[in-house]
Amino acid sequence: MNTFVQAMLFQAGYNVALVTVGAILLGIAAGSAGTFLFLRKRALVSDAIAHATLPGIGVAFIIMIWLGGDGRSILGLLFGSAITALIGLFIIEWIPRRTRLPEDAAIGSVLGVFFGAGIVLLTVIQTMSSGRQAGLESFLLGSTAGMLFQDAIVIAIGGFFSILGIWIARRPLTIVSFDKDYAISVGYDVRQIDLLMMGLVLGVTVIGMKLVGLILIVAMLIIPAVTARFWSNRMDEVVVIAGFLGGLSGYIGAVLSASAPSLPTGPIIVMIAIVLFVLSLFLAPNSGVFSTFIERRKTKSNIHRRQGLLTIAKGENVVSSFTRKLLANEGLSRTDGLTDKGKKLVTKILIDENRWIAAKEVYPDKDMNINYGIKLIEETLTKDELLKVDQYIKSHKFKSITYD
Amino acid sequence: MINEFIQFSLTPILIGILAGISCAVPGNFLILKRQALIGDAISHVVLPGIVVAFIFTGVISTMPMLLGAAGAALVAVILIEIIKRLGKIEPGAAMGVVFTGMFALGVLILEQTDTSKVHLDVEHALMGNLESLIWLKAQGWQSLFDLDVLKTLPDELFRIIFVCGFILSLTVIFWRWLKIVTFDEEYARTIGIHSSIINFSLVIITAIAAVAAFESVGSIIVIAMFICPPAAARLMTNKLGIQVIWSIVFAILAAIFGYIIAGYGPLWFGSENSVSAAGMIAVVSGIILLLTCMYGPCRESVGQKKD
Amino acid sequence: MINTTNTSEITPSKPALKIQGLTVSYGDKTAIFSVDANFPTASMSAIIGPNGAGKSTLLKAVIGVQPILAGQVHIFDNPVKNNLQKIAYVPQRVSVDWDFPTNVIDVVQMGLYRQVGLLGRMKGEQTSIAMDCLDRVGMADMWQQQIGQLSGGQQQRVFLARALAQDAEIYLLDEPFSGVDAATERAIIDVLKSLKSKNKSIIAVHHDLATVRDYFDYVLMINIKNIAEGLIDETFTNENLQSTYGGKLELTHAEELSAPKDRPTK
């Protein structure tokens, strides 16, 4: 536990502190870059990018050996991985443009084929220089034990620059992932911005590979973004929240991993992100499962109540047994008709009905149907708009509905 | 020479072919339904499946591993569906959350149990081990008619024969339903076909194919086998039946050429060691897809042109 | 609700399709609210209303593709659920992927799947039924065409042929005339009229107000909720159009539409 507290406070050694900082920066970068990808509905492109790095690592290693080097230079390997990932990305873009195949087929084939090529190269490397342990497998699942100083530095600096890049490009990225057509209409080159987005994702992937492994880096891009979506409907907020959640997962994960050697950094970071996701899925105040469930039931009751009361007021029979039960349970109706409470509510609903009808005439261009029947009109219109509607109702142009 | 081929190459090639067909056939429908990546998701959760199976049974044996993988695939599919529905999240992202999460959990559990033997199997699960499926007892072609020798064929072969037969017969039996649900799901419901059951069965079939194939070709390369042959076939024809046949042909070609290039290719370059056959099968299927993308007779979309 | 015509007098026979209090919502957005309708047997009915009024949703709720929040649907006084075989549904043309690898006759034969079952062979008899249906929509020559190569109008005809193959009692069509050429529109309307003469009931979501009077006998006007329902001559009025479309419809235009054209009275 002592190491845990030390690690938390960045006191557990220079390397651990550096890795922790790196994990936080990477988490922030991945979370916010992933948000654009997620909102653009292209989350799994990152999976293909990540898998397409493997052959690049292999080729870079082989070339470096041929050139007489060590082959394990992290910068060289990352450079190689970026090249093949870029080729993979290009093919994913090219296939749906050139052929009838949809993007998901392109993603899947690039992912599988490039990974296959990577495996082929790894078997070549295994036999190439006997006795030399290349350790390239760590790129698959991330570094399990302590990381080299050089790697940690690369992650920290790379993470920092990725965040910087996202911050600089945040406006065009936001516009394109929010509303592509609008972006085109105001003169953005969507294709270029998409490429920029993919470039950032590629950067994060390549940097994060050594820490969490190429199979799991996808998790750091997708999970915080999806989680953040539960907490806000506003694009700019979602990006910040996703960055925060990513950074938090990176921090907790790195600290836990430093204090317990059997916990590999990558998977533990992902598990933290998953825990945050599950909590949000269920508990988020507006779009979580619990609140949606309650909201849904409320909506259903609202609709049945309104529908039932209006039917009875019209002097017709309520056919739905659910509606009848609801009205009886709430003391709104008896077998012989509406109770006083029910009548009062009918009056209120009739006012609302008339307001909706009037509002449609006052604001013909406004989409007045969205909340009709579910919410009261007060919750849809502003005060001054409502005033105008009421004035219209009082004027003689409007014929109100009434029931006896 | 012939004897060597039968001992060392015949069964891996057969298994590669059958695994390829088992994946390619459901892949046709996945691609048409824009669900190609469900194969991606399922094959990633094979690893956590076998790890959990190992934790429960404590032994490394095939049946528990297969059951574990199948169970994990089922859990993943259900979780994806739940997250999609409850969280109103688009399918790709829901898949991404589920399979990476389960994969991370698998790796984490694995590190806790630190068994080097399991670790070895993880690499096999990811990369495949087609070359080791040999038939040493075979002595020339006549062994194919010798029951005792036939019994020494690797179990993997029998399993994949069973799975491949199962998938092919289901495809034939449910052909009409598969076709109409893939083409026009809403309409299918109005003529009394339970689209959701067909959809779910397709995913289950995909899981079965992935699990059966992973033990020989590895769980990631399975993705290439799901997508590349049917995607290439899609560019060859405008008839669904013929497309499925093309996908089978491409799967067979990829398996044969992939295996031969992996085994004998390095010799041509003066190296004595072969390279990963499963990886090479994926590469060959990728090349086939690339060629059809450039020259396939039906590579261009015909759907949206006119209006 | 204001202008609901009393329909019981004009449709003495039991309605082909009866909808009571049907409400559907997408999340917290109301798609249709408490819609009632009684579509008469052996006639051509139109469902009209502005964009987003819930016309297609109404059809989808009827056939069970869209879950309903409240309400009931009956066909010939029986719950719709066990009587779907009496309905033939013609979806919007844009709802499917026309790049799908299949050809014209294949699509039409899909309408026979219920009849031949899962494994039953498509015998010569079924093929000739399918060919006959194609002939009725004027597409018999193109039976081998890949569906993606068809024009919009031809695609719509194929969908109609598929519905004909089902030999149903009620035909539900979702915007059958959207994006089709004039010849196709004519051909489709002829087929529908011949169905009507065989006592079939046709219900179509329709958006071209100019042709409502010519094509249909009966109309349901909705905008999330019922506005009006009844025989065309009594219901398709300027006032109802105003309530349905609000400010979206030019007043003069509405008058022109709703005024019966000079033609002999029935």
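**Where chain A meets chain B**

Let's start at the contact. Chain A puts in 48 residues, and chain B puts in 52 residues. Keep in mind that this is a predicted model.

Which helices of chain A each supply at least two residues of the side that touches chain B? There are these: H5 (74-98), H6 (103-128), H7 (138-141), H12 (217-229) and H14 (265-283). H6(A) gives the largest share, with 16 residues. Now the make-up of that side of chain A. It has 34 nonpolar residues, nine polar ones and five charged ones.

Next, the domains. Chain A is assigned domain 1, residues 2-283, and domain 2, residues 290-394. How far apart do their C-alpha centres lie? The answer is 50 Å.

Now the nonpolar cores. The largest one holds 319 residues. Within this core, B:Ile221 and B:Met225 touch the most other members. Both domains of chain A take part: domain 1 (2-283) and domain 2 (290-394) each give at least three residues.

Let's look at B:Ile221. Leave out residues up to four places away in sequence.

Notes: Residues numbered from 1 in each chain as written. Chains lettered and ligands numbered in written order. Predicted model: local features only at pLDDT ≥ 70, side-chain atom pairs only at ≥ 80, totals over all residues. Contact = placed C-beta atoms within 7 Å. Helix = DSSP H or I, 4+ residues; strand = E, 2+ residues; numbered from the N terminus. Nonpolar A, V, L, I, M, F, W, Y, C, P; charged D, E, K, R; others polar. Domains from an automatic or database assignment. Core = buried A, V, L, I, M, F, W, Y, C linked by C-beta atoms within 7 Å. Buried ≥ 20, exposed ≤ 12 C-beta atoms within 10 Å, placed from the backbone.
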